[in-house]
Amino acid sequence: MTDALADLSAQGVSIWLDDISRERLQSGNLQELIDTKRVVGVTSNPTIFQKALDHGSAYYDIRWACDVLRPVYDRTNRVDGRASIEVDPRIAYDTKRTTAEAKGLQWLVDRPNVLVKIPATKEGLASITAATAAGVSVNVTLIFGLDRYDGVMDAYLSGLEQAKAAGHDLSQIFSVASFFVSRVDTEVDKRLDKIGTDEAAALRGKAGIANARLAYERYEKVIASDRWRALKAAGAHEQRPLWASTGVKDPRYDDTMYAVELVAPDTVNTMPEATINAVADHGTIRGNTIAGTYDQSRQVLEGLAKLGIDYNDVIQLLEVEGVQKFEDSYAHLVESVKARVGAAGRR
């Protein structure tokens with residue numbers, strides 16, 4: 001029997017866990033996943049933190065996660081072994097405050113393998129540049145659209161150029177760009193179901209993967225550019241594409257599809273534990289499943305447009321909803337912490 005997770009790693013895909021809690025750390029579960037399931041990183045967000053508080057005594061400790069992952073960080077020459085913590089999503093549309101908080105979180109966690117998550121709003125692009133220029137390693141989150149992804153990559157390169165001009169060691173700066181997948185299918189499929197034709201049904205479950213594959217095509221163009229080559233010669237690292245939201249939400253789909261259909265070198269797939277287990281149990285890795293798919297992927301988006309599905313409208317809606325969901329979870333998180341602190345003070 002083949003080891004699908006090993007096959008995935010061998011193709012250049014880093015497997016990160018899309019969850020962290022103190023319970024995972026205390027129980028040794030995170031270490032077990034590192035040892036047995038090829039996990040080499042973790043991500044977090046306000047929703048994860050909120051759920052951890054609501055469903056147990058757990059709360060996040062990114063510093064601890066960084067320490068657990070430190071051997072992976074050292075073994076992979078600092079590429080993996082990373083844990084992410086997000087800026088307050090309530091300031092996602094405030095460039096100056098987002099930049100300041102990104103610097104503050106890096107200082108607060110005080111671990112070399114932390115990534116600070118900055119949402120890819122229009123206002124966030126300048127924060128990505130400023131934080132990168134200051135030497136902060138950034139996980140850009142909530143990327144849904146191809147044009148915005150172009151802006152994210154440009155912001156990272158601009159930050160590296162400014163960091164270089166300021167005398168920073170570019171080899172110490174790392175970044176990933178989190179491109180969301182399943183949420184695209186959820187929204188597009190809902191619109192396809194309303195159309196209700198055979199042509200619409202044939203496109204169900206195809207938009208998210210097509211969108212992500214076309215993002216990788218744009219990544220390839222950037223790393224082939226003279227601008228990138230100059231930065232790489234100065235010691236810079238590629239901003240790896242990260243496939244986020246890869247838990248399959250529609251039970252009619254193969255629960256491994258966002259892992260097996262998005263295989264390409266120098267990528268990250270951040271998966272819920274259930275998806276990691278599904279890949280380990282019955283996933284089939286067929287090699288690089290992105291190369292050679294670009295024309296086919298464009299045809300998917302063209303087919304959606306012919307049916308009247310507005311790509312830009314879908315992307316804009318998902319970005320607004322994504323920020324709002326994180327804002328709501330963060331507010332809930334703050335109230336939960338306040339309640340627990342108050343209860344502890346009364347004891």
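In what order do the eight strands close into a barrel? This is a predicted model, so to speak of local features a pLDDT of at least 70 is needed, side-chain atom pairs count only at pLDDT 80 or more, and totals for chains, interfaces and linings use all residues. Residues are numbered from 1 along each chain as its sequence is written, and side-chain values use heavy atoms, with hydrogens and water left out.

The strands close in the order β1-β2-β3-β4-β5-β6-β7-β8, and the pairing is parallel. From one strand to the next, the twist averages 30 degrees. Here strands (E, at least two residues) and helices (H or I, at least four) are DSSP runs, numbered from the N terminus, and two strands pair if DSSP finds at least two bridges between them. Take β1 (residues 13–17) and β2 (residues 39–42): they pair in the parallel sense over two bridges, and L17 sits opposite V42 in β2.

Helices pack on this sheet too. Helix α5 (residues 62–75) touches β2, β3 (82–86) and β4 (114–119), and its direction makes about 145 degrees with that of β3. Helix α7 (residues 122–133) touches β4 and β5 (138–143), with its direction at about 155 degrees to that of β4. Touching means heavy atoms within 4.5 Å; angles run from 0 to 180 degrees between N-to-C directions, with axes fitted to C-alpha atoms, for helices over the stretch in contact.

A102 counts as buried because its relative accessibility is 0%, buried being under 20% relative accessible area (1.4 Å probe, protein chains only). Leaving aside residues up to four places away in sequence, A102 touches V87, V116, I118, A131 and V136.

Definitions and conventions
Buried means under 20% relative accessible area, exposed over 50%, partly exposed in between (1.4 Å probe, protein chains only).
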